[in-house]
Amino acid sequence: MSNSFKTFLKHTAKDFHNQSVNPPIVRASTIIFKSMQDIRKTQDKAKKNPTGGHFDYGRQGTSTTHILQQILSKLEESYFTFLTPTGFGAVFLAIFSVTRPGDEIIAADPVYSPTRLLTQDFLKEFNIKTTFYDPHDLKTLEKAITKKTKLIFVENPGSNTFDFQDLGKIVSIAKKHKILTAIDNTWGTPYFLKPIKLGFDMAIVSATKYYSGHSDVMGGSLAVNKKVFPKVKATERLTGLRLGPDDAYLITRGLRTLDVRLDRHRENAKKVAEFLSKFKNIKLLYPYKKDSYNFRMWKKYYSGASGLMGLRIKAKSEKAVIKFVNNLKLFGHGYSWGGFESLALHQNVREQGNRSYLKLAKNEYIVRLHIGLEDPEDLIADIKQSMKHLK
């Protein structure tokens, strides 16, 4: 990118043909040609330049999806970026592209619970074994490596518990043993972390979250390096995992303000974190405490922090924690995050997944907060009034 991230987002993908600030939505199942010769020419171009946006059928995309792929590839500094109908679709595409029966995967213990179900249970039926490692003890990762290990799957920070890992060390371990790597980078996005540049083979972002920013779109992106591109391309083509043009348009539009929104999410989250850090019954799961391992690992690799955080709360009962969540007036209660609005969820065992290394003390519970774009003082006042239920 010749211009800064912020400037690039505002000036990319202009449509001077139609004199439109944003590119048009092109919907197509059939891509029509004037002759069979034109079809063959397009197919030949696609073989010579598989990232060039040459389509002979609508399942492969249209100019609308291709423009978004170009934007994201520049933001990620990747060879190419694939688009999927959901964020989890990108997780699925990454894993299924590079693993086969008899292979083994090593995954971070605090991965997103559907990712855990996919790797731990579903893939078992395909004779693909998954072992989980402690994000704060990478010796557990190294010990799990065998000759069959094909992929190390990282989620950073860890889902719900927000464990930050030594990403550079993970990449070094993987390269030493010639193992592929994938990372779920939804929390940071390439605005705060560029995994491909760091050495990861694949980087996943749920476009449903911050890319869209308005809680009305589903989508995922999978940025890849040149090494794994052919495998992912072949898998994507066969499975038909493809984002539709309408969602691609909305995500492209949302990206125009990604930097502005993330900067505000970060500022608001920092203020809320400072308030919450004063309470002895709350352990804040967010990179704010400078003498902590999590803070050091965050600072080492990230240029900023987003608006999602966890609270490890000591309370008299689970009911008290649920009352605390229910009595928040400015926080919605619903899944997903990354939109303009604040959200709060009590994370029960189902949301945590069957973890090997998470140990909660008696009467200790986890609440996830997404800090939105509201006035942070209003959010703090709302949390304050609801904390009476935790006493």
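This is a predicted model: local features need pLDDT of at least 70, side-chain atom pairs count only at pLDDT 80 or more; totals for chains, interfaces and linings use all residues.
The structure holds 16 aromatic pairs. In one of these, the ring centres of phenylalanine 164 and tryptophan 187 lie 5.3 Å apart with their planes at 80 degrees, and the pair is therefore classed as edge-to-face, since planes over 60 degrees apart fall in that class. This pair links distant parts of the chain, for phenylalanine 164 is located in the loop between strand E4 (149-155) and helix H7 (167-176), whereas tryptophan 187, 23 residues away, belongs to the loop between strand E5 (180-184) and helix H8 (189-192). Both phenylalanine 164 and tryptophan 187 are buried. A tilted pair is formed by tyrosine 191 and phenylalanine 192, with 4.9 Å from centre to centre and 40 degrees between the planes. Tyrosine 191 is buried, its relative accessible area being 13%, and phenylalanine 192 is likewise buried, at 3%.

Elsewhere, Tyr79, Phe80, Phe82 and Phe229 come together in one aromatic cluster. Charged side chains also meet aromatic rings: arginine 116 lies over the face of phenylalanine 132, 3.7 Å from the ring centre, and the charged end of lysine 209 is placed over the ring of tryptophan 337, at 5.6 Å from its centre.

Alanine 381 is found in helix H16, which spans residues 376-386. With a relative accessibility of 42%, alanine 381 counts as partly exposed, because this category lies between the limits of 20% for buried and 50% for exposed residues.

Key
Residues are numbered from 1 along each chain as its sequence is written. Side-chain values use heavy atoms; hydrogens and water are left out. Helices (H or I, at least four residues) and strands (E, at least two) are DSSP runs, numbered from the N terminus. Buried means under 20% relative accessible area, exposed over 50%, partly exposed in between (1.4 Å probe, protein chains only). Rings of Phe, Tyr and Trp (its six-membered ring) pair if their centres lie within 6.5 Å; planes under 30 degrees apart count as stacked, over 60 as edge-to-face and the rest as tilted. A charge sits over a ring if NZ of Lys or CZ of Arg is within 6 Å of the ring centre and within 35 degrees of the ring normal.
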